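Subject: Two-chain model for you to look at

Hi,

Here is the structure I promised to pass on.

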Amino acid sequence: MPILTDDVVLLEDVTKSFDTAGAPVLALDRLTVGLRRGEFTAVMGPSGSGKSTLMNVAAGLDEPTSGRVYLAGRPITGLSDDQLTALRRTSIGFVFQAFNLVPTLTAIENVLLPFQLAGRRLNFEDRAWIDHLVTALGLGARIDHRPAALSGGQQQRVAIVRALASRPQVVFADEPTGNLDSRTSREVLALLRTAVAEYGQSVVMVTHDPVAASYADRVVLVVDGRLAGDHGRCSAQEISTLLVDLEARA
Amino acid sequence: MRAPSQIPPRLVLGSWRELGTVGVVAALASAYAAVLIMVAAVAGRLSDADDGALGVMLGVVATVFILIALYVSGVVMTNAVATVLAGRVRALALLRLLGADARRLRTQIVRQAGMVALVGAVSGTVLGVVAVLVGRVIMVAHGTIPGGSYPLVSSWLLPSIGAVVAVTAVAAADGSRSVLTVSPADALRGPQPSRDAVRRLTRRRVGVAGFLVVTGILVLGMAVEAGSDGSAAGFLLAFVGGAVCTTGILVGAQLFLPACVAAVGRLLGHGPATVIARRNAVKDPKRTTRSTIGLAVGVGLVVTFASGLDALRRQVLEQDDLTARQRALSIQIFNLTEVVLVAIVVVSAVIAAVGFASTLSLTVLQRTREIGLLRVLGLTRRQIRGMITREAVAMSAAAILLGAVVGIGYGSAAAASLVGAVGSGFALGVPRFVLVLVAVAGVVLVIVSAHAPARRAVAVTPVEALRFE
């Protein structure tokens, strides 16, 4: 049963514990948070805070120990591996820090892979949309190259085109600028910003970089698997202060 | 204080387990050699009555087959070492960055592989000797052979162990050539061979390989001609022609085998998982060639012998002046010879199969992150398993086809060079039973070799796989 909500992703009372060498580690501790549709949300926290686990659980890559996760109002907890896989093809886009592209496929083949996996024929609109993205991101000439022939920034842009191409419910970006120089970082962040502002795409970005988070509409802070702050748009300076305060309190 | 001359082995080649293939192949080859040597020794004692001629002949035959097995083992082990190293470019580059020189790294690799091979060879030899001992005791008990004192060991066992270790050392040195090209800068990015050098090398390779293959086929043709004239030189010519042509095929393999693999892959469909499987099968043409050529040689050997015997049988049975009894007797002799010969050469094919399976397993392991990414993007577990299986199918089918075609050619030519004068000159030897056997073995090989890596690949969650280094 879908539930009525503005949240594209909703975590309800979610706990996730890992059993490492006999000592259970609580990565998420009864966390409840909703991530709104059409917004650019940054999830922040010190390393080991549980922000990556939050993303993995929200994206159906990892099963929560307890609690419920909803994607676009539909519960995804308890879905089978195949159902989750099918969900990822159609409803979720991913951008990782590195190693985003399948090395044996060209850039355009990488972009089209989720469509092929979902058995979806490209209609006129899809084609126009992908063409637009490719041109807008300045990838036109490189589109038939293998990832090895692309620079880090170009690879990251191809990954963003792929994530946006199928107009998924939500795009998850895990430290998308972690491996880029500051100029390329700014380009990539501006791109995600544009996807939200112009195309109404929901984007969730996990990051520890205050500059990256300053591009977001909302900054969610996680510490020890719990919500430690929820702010609107902030400057990089303000976010740095928030993080330093968190560290001081710990 | 003196600086240690050795780099800790773990840093160079990872865990000893990564050299498992080298150990298994060394053990298999040594066990095989030990069995042949001891059987020849036992048979030699039996034939002492007829002044030992049988023993000498068996010794020569055993040596030839051991050399063939050693050759296949060498190809397989070169590939095994190269595959392990390909997955460790970054670790090696880091060692270079910290001051290890390339030559010392290579010496270390050769030493480590040699040690693993020594352990494998000694265990294999012991196994082989025990197997012959048990077999002999049983045969004496059954009265198949007379009792008495038989040799327990042979002085040839030591050179056999030495040969296996030496082949391993050469294979490790050859397989680790890539280490020389790893620059410390590769610690930060993957190495890219310069295009020009590759192209220049390719052109020369085409020339050499083409020349050898054409010459080999011409000599084989001359052998058939000589055979139909009843000349005794025919068989020798056939041997030389086959050897030259095979060398040409081996030299040129990396020019056409990857294309064969890709062609077979194209027959498997056009889904995204199939496309990725096909591209992976030929991503590194050298690696593809090495892991398939061993299999092609193994299959080629089996088919050559079977096809030769089949062609001989056809030509002999074509003669009209045979009595029914002679006919039945020749069929019986041919069948027995076929079983024995195929049983002896099949070991080389088994060694090649072990190499094939281990290469597949390692290359899948090296692609853990890629598989994690594919799972995240929407490949189901079934599709991942199917992808790995298709990769194995494309590679093994291409190798088996090549081996079978070449084997039928050699076998038929050799038979014609022997008895062309008595029969119709040339008969194509198509050993149906052995070909079916090879095809079935190929299917089993694909299932067995793809099963474990496929299961391991889908056992890790995508999140774990993406974090894999």
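First, some housekeeping. This is a predicted model, in which local features need pLDDT of at least 70 and side-chain atom pairs count only at pLDDT 80 or more, while totals for chains, interfaces and linings use all residues. Residues are numbered from 1 along each chain as its sequence is written, and chains are lettered from A and ligands numbered from 1 in the order in which they are written.

Helices (H or I, at least four residues) and strands (E, at least two) are DSSP runs, numbered from the N terminus. Two strands count as paired if DSSP finds at least two bridges between them.

Four strands of chain A make an open sheet, ordered E2-E1-E4-E5, with antiparallel pairing. E2 and strand E5 (74-75) are the edge strands, each pairing on one side only.

Strand E1 (residues 7-20) and strand E2 (residues 23-36) of chain A run antiparallel and are joined by ten bridges. Within this pair, A:Val14 faces A:Leu31 of E2(A), and A:Phe18 has A:Val25 as its bridge partner. The hairpin of E1(A) and E2(A) has two residues between the strands, and A:Ala21 takes a positive phi near 50 degrees there.

E1(A) is also joined by five bridges to strand E4 (residues 66-71) of chain A, again in an antiparallel arrangement. Here A:Glu12 stands opposite A:Arg68 in E4(A).

For directions, axes are lines fitted to C-alpha atoms (for helices, over the stretch in contact), and angles run from 0 to 180 degrees between N-to-C directions. Residues are in contact if their C-beta atoms, placed from the backbone, lie within 7 Å. Helix H1 (residues 51-58) of chain A lies across E1, E2 and E4, and runs at about 120 degrees to E1(A).

**Chain A: the six-stranded sheet**

Chain A also has an open sheet of six strands in the order E6-E7-E8-E3-E9-E10, and its pairing is mixed.

One parallel pair is strand E3 (residues 40-44) with strand E8 (residues 202-207) of chain A, joined by five bridges. In that pair A:Val43 stands opposite A:Val206 in E8(A). Helix H5 (residues 152-165) of chain A packs on the sheet, where it touches E6 and strand E7 (170-174), and its direction makes about 170 degrees with that of E6(A). Helix H6 (residues 182-199) of chain A lies across E3, E7 and E8, at about 150 degrees to E8(A).

**Chain B: helices and domains**

Helix H2 (residues 20-46) and helix H5 (residues 102-142) of chain B pack at an angle of about 35 degrees, their axes being 6 Å apart. The axes of H2(B) and helix H6 (residues 157-175) of chain B come within 10 Å and cross at roughly 150 degrees. Angles over 145 degrees count as roughly antiparallel, and that makes H2(B) roughly antiparallel to H6(B). Residues in this contact include B:Ala26, B:Ala29 and B:Ala33 of H2(B), and B:Ile161 and B:Val164 of H6(B). By class, the contact of H2(B) with H6(B) has nine nonpolar, three polar and no charged residues. In these classes, Ala, Val, Leu, Ile, Met, Phe, Trp, Tyr, Cys and Pro are nonpolar, Asp, Glu, Lys and Arg are charged, and the others, Gly among them, are polar.

Chain B is divided into domain 1 (1-183) and domain 2 (197-469), with bounds that come from an automatic or database domain assignment. Taken over C-alpha atoms, the centres of the two domains are separated by 23 Å. Each domain gives 22 residues to their contact. On the side of domain 1 of chain B that touches domain 2, H2 and helix H3 (53-86) are the elements that give two or more residues. H3(B) gives the most to that side, with 14 residues. The residues of this side divide into 15 nonpolar, seven polar and no charged.

**Where the chains meet**

The contact takes 20 residues from chain B and 21 residues from chain A. On the chain B side, helix H10 (272-281), helix H13 (368-377) and helix H16 (462-467) each supply at least two residues. H13(B) gives the most, with six residues. By class, this side of chain B has ten nonpolar, five polar and five charged residues.

Best wishes

Key
Two residues are in contact if their C-beta atoms, placed from the backbone, lie within 7 Å. Angles under 35 degrees count as roughly parallel, over 145 as roughly antiparallel, 65 to 115 as roughly perpendicular and the rest as oblique.
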